[in-house]
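Thanks for coming. I have one structure to go through today, and I will keep to a few places in it. Please have a look at it first.

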Amino acid sequence: MSYNLNVNNKFNSNVPFQSKLPAASRISTELTDRLNKKQKFLAKVIDLKEGDSGLSHSRFAQATLTNWFPKAIFSRSLADFSEISFLEVCEGALFFYMPQLMGEYLSRRKIFAKKLPENLRADISKPVKEVLKDSKNAQKLLPVKAAIVMSCAAIPAAEYALSFAKNLFTLKVFNKADFSNIVNLDKNKKEDNSSKERVEKSAISHLKKAGIFSASAFAASLILGTAGQKSKAVSKACEIFLNPGAKIYSGLEKCGVKSPKLRKFLDKYLNLDFARKADGSLALGAGQLAVTVLSGVAGYFGAAKDRGKLDVQEVATRVPIIALYTIFGSTLFDEGFKSILYKNKKFTDILKRDETAKEFTVASLNDIPEIAKKLSNGDEKLLKQKTAELFKGKAVIAMVPFMFSLLVVGGLLALVSRLLTQYRYNHGVGNSNFQPQQKA
């Protein structure tokens, strides 16, 4: 579940470093011609990591492999390996394809943009606070923006239902519903038919509910997108729906609470609006990511409960940490690491800080040749040296957080959770001297 989606990829012409090439462009030959084979390979990895967070096959493949691999190497059976593969591929598709397919291509372009005059259609992707500045058109735009978000309720619903789909997948393919059998803790234990029926019934029920919820939300979005523009009250409600964090902070401010950090936090994570990509299209926002991840957590626990206490305990060990890291941790680690480098004056030619926005900016791969030229003053030997130095800095800034996510959050956590499950089994139901507690 750990995905770094670059959810706030907003275009800013004042940012010191921003490649003029499209996000999907390949690395410039001007850079690759000055790199050795190992550096070229690393450059491709960095390019995949920092590529477009929307509909991107390479981003999907890279993120899915990163999340799947550390768990797969610690899988305990073919059924366990298959479950891991099923979950990671489906979750990757949800995070990397669904927001763009549903939000941008279906809801925005095919349905709701047509309900606005042509001169307002590009404004759909503007943040709520920018839309509100145009009081004349805000009443038209806000219901349409809210309708697009509502139409994509299938994304968190699908993330919730995915764990139940995984249970059903394992039951149908491997004929197993008992967690201790699935992860190969007890090779001799026979499956209980009543448990299989319970797991199947629960999975089908939750899948149906997720489908009904998604369809209902989509139907409601069609009504809102059409009729909502006629009412000031509906438009105001849409403003609150899209960015409840802003309203909460406004209320806190009236009570005497003033904190720029709290305001920024609420505006980012209690915000259901889509993020705006550099080309003006829609991408998954930080608040939407939080809702989707939390829906997934609820699904993980619900599906685990159907398969027994050991599954619930393993989920409790692993999933909350991954969820927190996905929502907050990856960004905090990345920013914290950049802050350490910046304070120690490392890689200052490519790492800058915007003091107004309080954000770090890092040169793209395709910016490196131009920066190297300025630093070398026409000296070809120095140019090659500076290119290598700048690329090294770029690699450190990009890959350290990536490796932390892969090795610690992915690998170490997967190993620890599996060892704890084995320990619980050995000292519980797997212990021949263990006697279950008798009810009084």
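In which helix is the place of Glu239? Glu239 sits in helix 11, which covers residues 232-242. Keep in mind that this is a predicted model.

Next, is Glu239 buried or exposed? Its relative accessibility is 11%, and buried means under 20%, so Glu239 counts as buried. As for what surrounds it, leave aside the residues up to four places away in sequence; Glu239 then touches Val128, Leu132, Leu142 and Lys247.

Now the whole protein. It has 17 helices and four strands. Of its 440 residues, 48% are buried, and Glu239 is one of the buried residues. The accessible surface is about 22800 Å², and carbon and sulfur atoms account for 59% of that. Then the contacts: take those between residues at least 6 apart in sequence, and 72% of them join residues at least 24 apart.

Let us move to a pair of helices. Helix 16 runs over residues 368-376 and helix 17 over residues 380-426. How do their axes cross? The axes come within 8 Å, at an angle of roughly 135°. The crossing is right-handed.

Which residues meet there? From helix 16 we have Ile368, Ile371, Ala372, Lys373, Leu375 and Ser376. On the helix 17 side they meet Leu382, Leu383, Lys386, Thr387, Leu390, Phe391 and Lys394. Sorted by type, the residues of this contact are eight nonpolar, two polar and three charged.

Last, a loop. It lies between helix 15, residues 309-343, and strand 3, residues 351-354. Look at the backbone angle phi. Lys345 has a positive phi of about 55°, although it is not a glycine. Phe347 is also a residue other than glycine, and its phi is positive too, near 55°.

Phe347 has a relative accessible area of 25%, which lies between the two cut-offs of 20% and 50%, so Phe347 is partly exposed.

That is what I had. Thank you.

Methods
Residues are numbered from 1 along each chain as its sequence is written. This is a predicted model: local features need pLDDT of at least 70, side-chain atom pairs count only at pLDDT 80 or more; totals for chains, interfaces and linings use all residues. Side-chain values use heavy atoms; hydrogens and water are left out. Helices (H or I, at least four residues) and strands (E, at least two) are DSSP runs, numbered from the N terminus. Buried means under 20% relative accessible area, exposed over 50%, partly exposed in between (1.4 Å probe, protein chains only). Contact means heavy atoms within 4.5 Å. Accessible areas come from the Shrake-Rupley method with a 1.4 Å probe; for residues, only the protein chains shown count as cover. Axes are lines fitted to C-alpha atoms, for helices over the stretch in contact, and angles run from 0 to 180 degrees between N-to-C directions. A crossing is left-handed if the near helix is turned anticlockwise from the far one by less than a right angle, and right-handed if clockwise. Ala, Val, Leu, Ile, Met, Phe, Trp, Tyr, Cys and Pro count as nonpolar, Asp, Glu, Lys and Arg as charged, and the others, Gly among them, as polar.
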